[in-house]
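We will go stop by stop.

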Amino acid sequence: MTIWSYLFIFSFMALIRLSRPENVPGDFFVDSSCIDCDQCRQIAPDTFSQVGDQAAVYLQPTDRKAEFSALKALVTCPTASIGVTAEHPIQEAVHAFPDLIEDDVYFCGYASESSFGASSYLIVRPEGNVLVDSPRFAKPLVKQVEALGGISEIFLTHKDDVADHDQWAAHFHAKRLMHQEDAGRLRSKIDHFIGGEADVVFDDAFRIIPTPGHTRGHLNFLYRNKFLFTGDHLWWSPHYRSLNASRSVCWYSWPEQVQSVKKLRDYSFEWILPGHGRRINATKSQMSEYLNECIDRISL
């Protein structure tokens, strides 16, 4: 194990003295600093579950695959709330991100507390790589992104999930895109502004779709009519077994958010890749059904 891996373990890991009593006995544990961002349950559902308003270990990893997933959750955790009491091969997990989702789209891991653990994504393409929202500016992730060709553009869905965008932009000399209504204090740092509620065709692969509601200047990004990056606008709900949006996490206008969800009926896609909430892959026809189910429910 490299010195970096040792430093990572000791500088970014939970404290055993704060371990939640809800954890089952064993090496992996979650401490009381957990903010319940759901990343660990998405990455390693066989190990972590929700107990109360925080995560906990409900089953210790029993094989190499489960151990690797739990270690990736440890690396991604935005608050260093996951820990281990014995040595594990963490180096592989440290360098596991960006993690391929499908085609040329990757999940960045390394969530940031300042974005409340939101997911961010990297699209690797000949025209220049695009970062959608911002992960932590972590040295191992930076090196992996360098190896994949760096970053040309940073697309920010909204003002909540910008995290370490400044450091990413400075390191890669990347240009940033955002809706002008969400720019606020970031205004002097944004290179491309989107205004109004009309779609913008960025290039042959990207369509930018204004979706006000969660925030006034929220954006969705549709890539190759297949991947829809939805920020905090829309996500998969295991409870409803369908797509969902929620009034309880709408900070600007719920009526406008409902209308913005309805607007998505005009597009076809196979992936929903949110900032918060679960991602989902389905056929375009099934996705349309999920979207209509969601609209019926949130329109009540």
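Select Arg-41: does this residue count as buried or exposed? Arg-41 counts as buried, because its relative accessibility is 10% (buried is under 20% relative accessible area, exposed over 50%, partly exposed in between, with a 1.4 Å probe and protein chains only).

This is a predicted model: local features need pLDDT of at least 70, side-chain atom pairs count only at pLDDT 80 or more, and totals for chains, interfaces and linings use all residues. Residues are numbered from 1 along each chain as its sequence is written, and side-chain values use heavy atoms, without hydrogens and water.

Next, select Asp-38 and Arg-278. Their side chains meet in a salt bridge at 2.6 Å, N to O. The two residues are 240 residues apart. Asp-38 lies in the loop between β1 and α2, Arg-278 in the loop between β18 and β19 (helices are DSSP runs of H or I, at least four residues; strands are runs of E, at least two; both are numbered from the N terminus). Asp-38 is buried at 13% relative accessibility; Arg-278 is partly exposed at 24%.

Move to Lys-189 and Asp-166. This salt bridge spans 2.5 Å, N to O. Lys-189 is partly exposed at 32%, and Asp-166 is partly exposed at 31%.

Now select Glu-102, Asp-103, Asp-104, Arg-224 and Lys-226. Salt bridges link them in a network.

Finally, zoom out. The structure holds 17 salt bridges, and the protein chain has 9 helices and 19 strands.

Note on methods. A salt bridge is a side-chain nitrogen of Lys or Arg within 4 Å of a carboxyl oxygen of Asp or Glu.
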